[in-house]
Structures are given as structure tokens and as C-alpha cells.
Amino acid sequence: DASGATLRAVDATVDLGTMSIRLPSGGDLSGTLDVNLGELLVCLPGDLGLRVTQGDDVGEVRYEGQAQHRGVWQSPDYEQAAHHADLLVNVSLGSLEFDPIGGCK
């Protein structure tokens with residue numbers, strides 16, 4: 001739970017496991033998220049717009065329950081958000097979900 005922290009960068013790797021991360025509000029950040037045969041759940045604060053660059057991996061990336069396609073995509077509120085997260089994600093036979101339905105556990 002990094003919701004009370006001040007971060008400029010986040011880098012995480014999940015190998016054959018499950019992890020959840022709560023990102024903080026109040027600042028811009030960048031980083032890399034790698035998932036290999038696992039699951040990563042990322043909860044975003046309301047003031048953080050998200051831009052994701054996906055690698056060419058075989059895996060699933062979802063935002064608020066909706067599958068996202070390879071390439072570069074951003075959350076609907078990215079442009080007007082007070083703060084921004086720019087992330088590179090690589091998912092190999094696993095799943096990565098931003099703001100999962102039901103929240104991060």
C-alpha cells in the first residue's frame with residue numbers, strides 16, 4: 001500500500017504469484033510493471049491519469065474490467081487529470097488489471 005507515500009517511480013515484477021499495489025495521489029510517476037505467469041492488480045487514486053505502453057507479450061491487460069489492446073493507451077481522464085502515471089507494462093502468460101472491479105485486496 002503506497003497510497004500514503006510520495007513516489008516518482010514504480011517498478012514491480014511478479015513471477016508465478018499475485019501482487020496488488022495502491023498508487024499514491026498527489027504526484028506524477030513513471031515505471032515498469034512486469035508480470036510472468038502471475039497476476040498484478042493496481043489501484044489508482046482518483047486524481048491520477050494513466051498512460052500505458054504495452055509490450056508485445058502474451059497476456060491480459062485490463063482497465064476497470066475492460067480488456068485493453070497492445071500499443072499505447074490512456075485512461076479517459078488522462079488529459080484533464082491533476083497528475084499522471086506513465087507506465088511500460090510487459091505481461092507474459094499472466095494478467096495485469098488497473099482499478100479492478102471489487103478493488104485491490
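**View 1. Serine 75 and its contacts.** Serine 75 touches Gly49, Leu50 and Tyr63, leaving aside residues up to four places away in sequence. This close-up, like the others, shows a predicted model. Is serine 75 buried or exposed? Its relative accessibility is 2%. Buried means under 20%, so serine 75 counts as buried.

**View 2. An open sheet of five strands.** The strand order here is β1-β3-β9-β5-β8. The pairing in this sheet is mixed. Which strands stand at the edges? They are β1 and β8 (72-74). Each has a single partner strand, so one side of each is left without a neighbour in the sheet. Neighbouring strands of this sheet are turned by 15° against each other on average, direction ignored.

**View 3. The two faces of strand β1.** Strand β1 covers residues 9-15, and its side chains alternate. Val10, Ala12 and Val14 point to one face and are buried.

**View 4. Strand β1 beside strand β3.** Strand β3 spans residues 29-36. In which sense do β1 and β3 pair? They pair in the parallel sense, over seven bridges. Look for valine 14, which stands opposite valine 35 in β3.

**View 5. Strand β5 beside strand β8.** Strand β5 runs over residues 48-54. How many bridges join β5 to β8? Three bridges join them, and the two strands run antiparallel. Now find valine 52: its bridge partner in β8 is tryptophan 73.

**View 6. A second open sheet.** Five strands form this sheet, in the order β2-β4-β10-β6-β7. Its pairing is mixed. The edge strands are β2 and β7 (66-67). Each of these has a single partner strand, so one side of each is left without a neighbour in the sheet.

**View 7. Strand β6 beside strand β7.** Strand β6 holds residues 60-63. It pairs with β7 in the antiparallel sense, over two bridges. Which residue of β7 is the bridge partner of arginine 62? The partner is alanine 67.

**View 8. A nonpolar surface patch.** Leu16, Leu37, Val58 and Leu93 make this patch. The patch has an area of about 450 Å². Leucine 16 sits in the loop between β1 and β2 (18-22). Its relative accessibility is 70%, so leucine 16 counts as exposed.

**View 9. Isoleucine 101 after strand β10.** Isoleucine 101 belongs to the segment after β10 (95-98). Its relative accessibility is 71%, so isoleucine 101 counts as exposed. What does isoleucine 101 touch? Its contacts are Glu64 and Gly65, not counting residues up to four places away in sequence. Isoleucine 101 and cysteine 43 are 58 residues apart along the chain. Their C-alpha atoms are separated by 10.0 Å.

**View 10. Glycine 4 and proline 24.** Glycine 4 lies in the segment before β1. At 78% relative accessibility, this glycine counts as exposed. Glycine 4 and proline 24 are 20 residues apart along the chain, and their C-alpha atoms are separated by 5.9 Å.

Terms used
Residues numbered from 1 in each chain as written. Predicted model: local features only at pLDDT ≥ 70, side-chain atom pairs only at ≥ 80, totals over all residues. Heavy atoms only, no water. Buried < 20%, exposed > 50% of the residue type's maximum accessible area, 1.4 Å probe, protein only. Helix = DSSP H or I, 4+ residues; strand = E, 2+ residues; numbered from the N terminus. Pairing = 2+ DSSP bridges. Axes fitted to C-alpha atoms, helices over the stretch in contact; angles between N-to-C directions. Contact = heavy atoms within 4.5 Å. Patch = residues over 30% accessible without salt bridge, like charges linked within 9 Å, V, L, I, M, F, W, Y side chains within 5 Å. Areas by Shrake-Rupley, 256 points an atom, 1.4 Å probe, with all protein chains shown as cover. Salt bridge = Lys/Arg side-chain N within 4 Å of Asp/Glu carboxyl O.
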